[in-house]
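Hi everyone, thanks for making time for this one. I'd like to walk you through a single protein, starting from one residue and then stepping back to the whole fold. Here it is on the screen.

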Amino acid sequence: MKTVNVVAAIIFRDSSNGTKQVFATQRGYGDYKGWWEFPGGKIENGETPEEALVREIQEELATKITVKNLIDTIEYDYPTFHLSMRCYACYVESGKLELLEHENAAWLAKENIGSVKWLPADITILDKVSKLL
């Protein structure tokens, strides 16, 4: 089975009421159109995972991010490929998180992180992300 190496941005912010939130996007294309994910994408040849993540978020959301620590690497078998997804804690450096490829987006708190239909691989990191909120 083919392995696809990707990176995902777990973008955090402090909300106006002092709670921490995480940014999620809704896919606008493909087999999983309408499902929710942490934004990111494939690592290109010659890129570090962190460089790939900065590039992907700039392309998808017109936003510059700061990549912090690796939260976890998710290994997940989809029907036609194996996904290896490195998930990093990130923060917005500049930009407004414009949806250039996604249908929708939301800032989710610990209480409502499970309120959207997550992609199967992304579901597997929700417990770790919730602990950081």
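Let's begin with A105, which is partly exposed, because its relative accessible area is 24% and the cut-off for buried is under 20%. Before I go on, please keep in mind that this is a predicted model.

So where does A105 sit? You'll find A105 in strand β7, which covers residues 102-108. If we skip residues up to four places away in sequence, A105 touches F23, A24, T25, W36 and L99. For a sense of distance, take D127: it lies 22 residues from A105 in sequence, and their C-alpha atoms are 20 Å apart in space.

Now let's step back to the fold. The protein has seven strands and three helices, and from the N terminus the order is β-β-β-β-α-β-β-β-α-α. The radius of gyration is 14 Å, close to the 14 Å that the globule rule gives for 133 residues, so the protein is as compact as a globular protein of that length. Along the principal axes, the C-alpha atoms fill a box of roughly 45 × 30 × 25 Å.

Among contacts with a separation of 6 or more, 67% are between residues 24 or more positions apart.

Next, the inside. Of the 133 residues, 44% count as buried. In soluble globular proteins, nonpolar side chains tend to be buried together. Which residues of the largest nonpolar core touch the most other members? They are I10, F12, V22, F38, M85, W118 and V129, out of 26 residues in that core. Two or more residues come from each of β1 (3-14), β2 (20-27), β5 (63-77), β6 (82-95) and α3 (126-132). Strand β1 gives the largest share, with five residues.

Leaving aside neighbours within four places in sequence, F12 is in contact with a list of residues including V22, I71, Y91, W107 and V129. There is also a second, separate core of twelve residues, and F23, L53, I57 and C90 are among them.

The accessible surface comes to about 7000 Å², and carbon and sulfur atoms account for 48% of that. As for charges, there are 15 positive and 20 negative ones, and their mean positions are 4 Å apart.

That's my tour, and I'm happy to take questions.

Technical notes: Residues numbered from 1 in each chain as written. Predicted model: local features only at pLDDT ≥ 70, side-chain atom pairs only at ≥ 80, totals over all residues. Heavy atoms only, no water. Helix = DSSP H or I, 4+ residues; strand = E, 2+ residues; numbered from the N terminus. Rg over C-alpha atoms; globule rule 2.2 N^0.38 Å. Buried < 20%, exposed > 50% of the residue type's maximum accessible area, 1.4 Å probe, protein only. Contact = heavy atoms within 4.5 Å. Areas by Shrake-Rupley, 256 points an atom, 1.4 Å probe, with all protein chains shown as cover. Lys, Arg positive; Asp, Glu negative; His and termini not counted. Charge placed at Lys NZ, Arg CZ, Asp CG, Glu CD. Core = buried A, V, L, I, M, F, W, Y, C linked by side-chain atoms within 4.5 Å.
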